[in-house]
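Hello,

Here is the structure I promised to hand over. My notes follow below it.

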Amino acid sequence: MLQKAEVELAAGRAVSRETLERLEVFSQALLKWSPKINLIARNTYDDLWSRHIIDSVQLVACVDVVPRGWCDLGTGGGLPGLVLACLGREIWPDTAFQFIESDARKAAFLTMMTSQLGLRATVTRQRIEQAPAAQASHVSARALAALPLLLAYCHRHLESGGIALLPKGRNRGDELEAATRSWQFELETRPSRVDPESAILVVRHLRPREASQ
């Protein structure tokens with residue numbers, strides 16, 4: 001069982017036993033189904049809690065207002081979206097989550113887990129660039145695309161004034177430099193609790209650069 005103190009430290013707030021149990025059920029499902037549908041890399045099975053669950057939980061600490069709606073892009077096996085929805089059931093009970101995932105088997109897994117865990121979430125099985133605009137106040141994506149393309153995806157699904165939370169690794173500096181050629185935004189960088197070379201990019205006021213010229 002995941003340690004309560006570890007989850008609360010990452011989330012920046014208290015969590016209930018029920019939330020921990022949902023995260024435990026989800027983690028066991030990841031291990032069960034990953035060999036069949038490649039949800040997470042095999043070499044991360046032994047470090048599942050830190051590498052995947054806590055890495056997702058820590059996005060909660062970056063949120064300072066109750067989300068009106070949360071869209072997770074390229075959700076895959078549920079990271080970070082399904083983890084956030086598990087926490088959201090307790091701390092943001094009125095927030096609806098949307099997972100956009102084009103792979104049929106992964107979308108089926110997300111649908112199964114959403115039902116099993118009683119989450120307020122829907123699964124959209126479409127490509128990100130083809131799915132109807134989510135108009136979400138918060139958008140997240142993990143290990144999905146380089147930042148210039150990722151910001152285009154976020155812009156499509158964010159409402160005006162929305163916030164994107166994007167975990168990024170050691171190459172984020174190069175990606176940021178490339179992204180600023182096409183996009184304007186306000187950026188806050190939060191250190192990762194899991195990997196000292198990684199960070200969470202908190203992006204606000206995202207808009208195409210040409211639109212402001």
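The disulfide count comes to 0, a disulfide being a pair of cysteine sulfur atoms within 2.5 Å. Cys71 is in none; the nearest cysteine sulfur belongs to Cys154, 8.9 Å away. Cys154 likewise is in no disulfide, and its nearest cysteine sulfur is that of Cys71. Cys71 is buried at 1% relative accessible area, and Cys154 is buried at 0%. Buried means under 20% relative accessible area, exposed over 50%, and partly exposed in between, using a 1.4 Å probe and protein chains only.

Please note that this is a predicted model: local features need pLDDT of at least 70, side-chain atom pairs count only at pLDDT 80 or more, and totals for chains, interfaces and linings use all residues. Residues are numbered from 1 along each chain as its sequence is written, and side-chain values use heavy atoms, with hydrogens and water left out.

Now the sheet. It is open, with 7 strands in the order E3-E2-E1-E4-E5-E7-E6 and mixed pairing. Strands E3 (121-124) and E6 (183-191) stand at the edges with a single partner each, so one side of each has no neighbour in the sheet. Neighbouring strands are turned by 20 degrees against each other on average, direction ignored. Helices (H or I, at least four residues) and strands (E, at least two) are DSSP runs, numbered from the N terminus. Two strands pair if DSSP finds at least two bridges between them.

E2 (residues 96-100) pairs with E3 in the parallel sense over 4 bridges. Phe99 stands opposite Val123 in E3. Helix H4 (residues 81-91) packs on the sheet, touching E1 (69-73), E2 and E4 (136-141), and its direction makes about 170 degrees with that of E2. Helix H5 (residues 104-117) also packs on the sheet, touching E2 and E3; its direction makes about 170 degrees with that of E3. Axes are lines fitted to C-alpha atoms, for helices over the stretch in contact, and angles run from 0 to 180 degrees between N-to-C directions. Contact means heavy atoms within 4.5 Å.

How enclosed is H4? 9 of its 11 residues are buried, so H4 is largely enclosed by the rest of the structure. The cover includes helix H2 (17-37), helix H3 (48-57) and H5.

Lys106 is buried yet has no salt bridge; the nearest side chain of opposite charge, Asp103, is 5.3 Å away. A salt bridge is a side-chain nitrogen of Lys or Arg within 4 Å of a carboxyl oxygen of Asp or Glu. Beyond four places in sequence, Lys106 touches Ile37, Asn38, Leu39, Gly76 and Glu101.

Best wishes

Key
Lys and Arg count as positive and Asp and Glu as negative; His and the chain ends are not counted.
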